[in-house]
Amino acid sequence: MTHRLTVIGTGYLGATHAACMADLGFEVLGLDVDERRIERLAAGDLPFYEPGLETVLKRNLENGRLRFTTSYEEVAEFGDVHFVCVGTPQKAGEYAADLTYVDEAVGTLAPLLHRSCLVVGKSTVPVGTAARLAERINRLAPADGDAVLAWNPEFLREGFAVQDTMRPDRIVVGVPGDGGAADRAEKILREVYAPMLAAGTPFIVADYPTSELVKVSANAFLATKISFINAMAEVCEAAGADVTKLSEALSHDDRIGGRFLGPGLGFGGGCLPKDIRAFMARAGELGADQALTFLREVDEINIRRRIRMVDLARLLLGGSFIGRTVGVLGAAFKPESDDVRDSPALDVAATIRGQGGKVTVYDPKAMGNARRAQPTLDFGESALDAARDAHVVLLLTEWAEFRDMDPHALAEVVAERNIVDGRNALDPDRWRAAGWNYRALGRPHPG
Ligand code: NAD
């Protein structure tokens, strides 16, 4: 049986999900409260950078399977399965997640559900949210309808969003306690994800709280791995050891593995930092805060890397940024993304600006978002432009174009040949041979 799908909230997650589901052959209707975003998506103009996604979007607009709207009435009438993909940011001044958007989306949709349908939460939420929303849907949905809620957390990575959606590592589905409703939810989601299941993707059916916890515990584990190697970088700096060699040697141990073991400026973005904080806040509410106290350390190690980066740059300039020019390469929180939410690169740039430095930033894709987020920074047109007259250059996001930079060409434009490699992305020997004072986080400095 073919289902008609809707996607509520068309940001990084929702726009990807809508376009990819249409590519699988479903009729899909995407909805957002942001009218400008909907206009752009409907015109085939992706409002953010994600490799390969615009092609999928355009293809499915052209074949008529994908449409966009701002009308909840239209969505409720159209959809057999409604995917909720709205944002769950960190609350201002608190660790907890802000569930306003999820509550609004479900609160608007539920009273309009006059027919049998499945509502599927994909947003990352604190454990207990699905049960609360299911109860709310029961209370708000009209008597002539029959709506069931499932939770289906999303694990896609920005930069690889299309391939992660089309070929996920696993699909996790949280279903209600009631047997009939649970069977119906599972059956429908097996039909929706049939191509993935046919390709052998593990399909894990759980209760609501377990499915919610799978997502946040995965992010907690990844954040811990990154902060673990960055804690080792701190020790390496104190001991004169090289954390990149340490990491390489650890990575050959199958029990450890090399992924998420790259030392550097640490993690950022719209997910890991806010998800581990929301996880701690929720554990506290549940009386299980002791279980997650280590995540506070994970968060602090991560933030200390940014401070260390600023300190190292200041040290290279003789102790002050005042009257000094700093070239910053990178603004996105990671390569292959234009996302600057909680970006370590922009955070470092803004801190140095706050300490009196003249900072010029360049990023291959995130310039628009970076300008909006940090309007007091200067922005260059290219890496060379950002580095012009700099007393120190900082590599803060490891885009391939920065990895491949010619140290001789960069040397031509700077005031002083100081570079701090915040991502351990450059070959120190090559840069030193070109006359640069190369410094990196967690690596020894000759002389
Ligand atoms: P985003 O900010 O890019 O997009 C959220 C969208 O929801 C926005 O377009 C916003 O206008 C819309 N929205 C807000 N309220 C709405 C409402 N009431 N009705 C309809 N639309 C509404 O966020 P995102 O990065 O796509 O993240 C969405 C969720 O997915 C979050 O919970 C996030 O943690 C989770 N997630 C994100 C990723 C990722 O890589 N970005 C990966 C996995 C999970």
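1. Conventions. Helices (H or I, at least four residues) and strands (E, at least two) are DSSP runs, numbered from the N terminus. By that rule, Lys 334 sits in the loop between β9 (325-329) and α14 (344-354). Residue numbers start from 1 along each chain, as its sequence is written. The model is predicted: local features need pLDDT of at least 70, side-chain atom pairs count only at pLDDT 80 or more, and totals for chains, interfaces and linings use all residues.

2. Confidence. pLDDT is the predictor's confidence in each residue, from 0 to 100. Its mean for the protein is 97. Residues at 70 or more make up 100% of the protein. The scores for the model are ipTM 0.99 and pTM 0.97.

3. Ligand shell. There are 26 residues around the ligand. A residue is near a molecule or strand if its C-beta atom, placed from the backbone, lies within 6 Å of it. Gly 9, Gly 11, Leu 13, Ser 123 and Thr 124 come nearest. Helices α1 (12-23) and α5 (100-109) each give the shell at least two residues. The class count is 11 nonpolar, nine polar and six charged. Here Ala, Val, Leu, Ile, Met, Phe, Trp, Tyr, Cys and Pro are nonpolar, Asp, Glu, Lys and Arg are charged, and the others, Gly among them, are polar.

4. UniProt, in an unreviewed entry, marks Cys 271 as "active site". UniProt positions follow the numbering used here, feature names are shortened, and annotations may be inferred rather than shown by experiment. Cys 271 lies in the loop between α11 (243-251) and α12 (272-285). Cys 271 counts as buried because it has 26 C-beta neighbours inside 10 Å. The scale: buried if 20 or more other C-beta atoms lie within 10 Å of a residue's own, exposed if 12 or fewer, partly exposed in between, with C-beta atoms placed from the backbone. Leaving aside neighbours within four places in sequence, Cys 271 contacts Thr 124 and Asn 219. Contact requires C-beta atoms, placed from the backbone, within 7 Å. Thr 124 is also among the residues that come nearest the ligand.

5. The unreviewed UniProt entry lists several "binding site" residues, including Phe 155, Leu 156, Arg 157, Lys 215, Gly 268 and Lys 334. The listed residues spread over 180 residues of sequence, and up to 24.4 Å in space between C-alpha atoms.

6. Leu 156. This residue is in the loop between β6 (146-151) and α7 (161-166). Its 21 C-beta neighbours inside 10 Å are why Leu 156 counts as buried. Not counting residues up to four places away in sequence, Leu 156 touches Leu 13, Thr 16, Ala 161, Asp 164 and Thr 165. Leu 13 is one of the residues nearest the ligand.

7. Lys 334. Is Lys 334 buried or exposed? It has 20 C-beta neighbours inside 10 Å, so Lys 334 counts as buried. Apart from residues up to four places away in sequence, Lys 334 touches Gly 159, Gly 269 and Thr 397.

8. Strands β1 and β2. β1 (residues 4-8) runs parallel to β2, and five bridges join them. Two strands pair if DSSP finds at least two bridges between them. Thr 6 stands opposite Leu 29 in β2. In β2 (residues 27-31), four of the five residues are buried.

9. Six-stranded sheet. The sheet is open, with parallel pairing and the order β11-β10-β9-β12-β13-β14. β11 (378-379) and β14 (437-440) are at the edges; each has a single partner strand, so one side of each has no neighbour in the sheet. β10 (residues 358-362) pairs with β11 over two bridges, in the parallel sense. Val 361 has Phe 379 of β11 as its bridge partner.

10. Helices α13 and α14. Ile 352 lies in α14 and Val 310 in α13 (residues 293-316). Ile 352 counts as buried because of its 24 C-beta neighbours inside 10 Å. Val 310 counts as buried because of its 21. Beyond four places in sequence, Val 310 contacts Val 348, Thr 351 and Ile 352. The contacts of Ile 352 include Val 310, Ala 313, Phe 321 and Val 359.

11. Two distances. Ile 352 and Leu 377 are 25 residues apart in sequence and 9.9 Å apart, C-alpha to C-alpha. Val 310 and Asp 385 are 75 residues apart along the chain, with C-alpha atoms separated by 21 Å.

Terms used
Two residues are in contact if their C-beta atoms, placed from the backbone, lie within 7 Å.
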